[in-house]
Amino acid sequence: MNIITSSIDAIVDLVLGVPRPEYHRTNEDLLAIVTGLDIREGDDVLAVAGSGDQSFAMLERGAKVTAVDYSREQFRFMKKRVKFLLEGDRRRFLLAGENRHLGVRPGDYFSEELVERIIENINNLKILCPGDFLQTLASFPKGSFNKVYLSNIYSMQSLSFDVLSESVRYVRSQGLIYQALPVHKDTPNVDLELINRARELESKNKFTNFNWKPTVIRVP
Ligand SMILES: C[S@@+](CC[C@H](N)C(=O)[O-])C[C@H]1O[C@@H](n2cnc3c(N)ncnc32)[C@H](O)[C@@H]1O
């Protein structure tokens, strides 16, 4: 079975013209993310890029998204997916995010209608050169963003708490910060209503055995 799926993956990579990096589809729930961040038209979001799925979901809702990832492979992969969209190649855009091991397809979330809206809004996406998230955030004037999507980089850093507390300093008042994991119970400014909505959606996530427990912070 593994040999078969690996061979299929190799063929898919050939068709795509780019080797798929470690994160070629999100294992978080996209609806939980756009709901938890209360994504609306005109939002200015700084997002961890990964596969790009999360940024595409935010674009579909009308947000302006700046995406960054320190991995060159993820950067190239996301750029390639954007190229597919610009060429109107919907099939390869979706194929890029397939994960045969999990048996999921990005088309499960990105219906035809959603993909059309992503294409319409594609100019609202800016993919930055590979770089560290916090350094990137600090390179913008304070208040450049009203929403920040941190995925689970919080758990990947030795300076994990800095990611959250620093983000708070750069986001506009009443803005939102979403991260995929729970934080300490005494963390200030959590938005319980948004957390509950996001967690309920995430708990129904059929794409992974792992249930994220997202946290949403509302900046004072
Ligand atoms: C947080 S990971 C985990 C996967 C995630 N749960 C998903 O659904 O895709 C997503 C991306 O974050 C990137 N990343 C992690 N720490 C980072 C940092 N400090 N700065 C920039 N990118 C980072 C990784 O390279 C990876 O592509």
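Arginine 92 touches Leu16 and Phe84, leaving aside residues up to four places away in sequence. Touching here means contact: two C-beta atoms, placed from the backbone, lie within 7 Å. Arginine 92 lies in helix H5. Helices (H or I, at least four residues) and strands (E, at least two) are DSSP runs, numbered from the N terminus. Arginine 92 counts as partly exposed because 18 other C-beta atoms lie within 10 Å. The cut-offs are these: a residue is buried with 20 or more other C-beta atoms within 10 Å of its own, exposed with 12 or fewer, and partly exposed in between, the C-beta atoms being placed from the backbone. Arginine 81 is 11 residues from arginine 92 in sequence, and their C-alpha atoms are 7.8 Å apart.

The model is a predicted one: local features need pLDDT of at least 70, side-chain atom pairs count only at pLDDT 80 or more, and totals for chains, interfaces and linings use all residues. Residues are numbered from 1 along each chain as its sequence is written.

Aspartate 89 sits in the loop between helix H4 (72–86) and helix H5 (90–96). Aspartate 89 is partly exposed, because it has 15 C-beta neighbours inside 10 Å. Isoleucine 3 is 86 residues away from aspartate 89 along the chain, and 28 Å separates their C-alpha atoms.

Now the whole chain. It has 10 helices and six strands. Its radius of gyration is 17 Å, close to the 17 Å that the globule rule gives for 220 residues, so the chain is as compact as a globular protein of that length. The radius is taken over C-alpha atoms, and the rule is 2.2 Å times the number of residues to the power 0.38. The C-alpha trace spans about 50 × 35 × 35 Å along its principal axes. Of the 220 residues, 40% are buried. Among contacts with a separation of 6 or more, 73% join residues 24 or more positions apart.

What holds the middle of the strand arrangement? Start with strand E4 (residues 145–149) and strand E5 (residues 171–179), which pair in the parallel sense over four bridges. Strands pair if DSSP finds at least two bridges between them. Tyrosine 149 has tyrosine 178 of E5 as its bridge partner. E4 also runs parallel to E1, joined by three bridges. There, alanine 47 stands opposite tyrosine 149. E5 in turn pairs with strand E6 (residues 215–218), antiparallel, over four bridges. In E6, isoleucine 217 is the bridge partner of isoleucine 177. E4 is mostly covered, with five of its five residues buried.

Helix H3 (residues 53–60) is mostly covered too: eight of its eight residues are buried. Nonpolar side chains tend to be buried together in soluble globular proteins. The largest nonpolar core has 49 residues, of which Val45, Ala47, Met58, Tyr149 and Leu150 touch the most other members. Such a core is a set of buried Ala, Val, Leu, Ile, Met, Phe, Trp, Tyr and Cys residues joined through C-beta atoms within 7 Å.

Most residues other than glycine have a negative phi. Aspartate 38 is not a glycine, but has a positive phi of about 50 degrees. Aspartate 38 is found in the loop between H2 and E1. With 18 other C-beta atoms within 10 Å, aspartate 38 is partly exposed. Serine 151, not a glycine either, has a positive phi of about 45 degrees. Serine 151 lies in the loop between E4 and helix H8 (153–156). Serine 151 is buried, with 25 other C-beta atoms within 10 Å.
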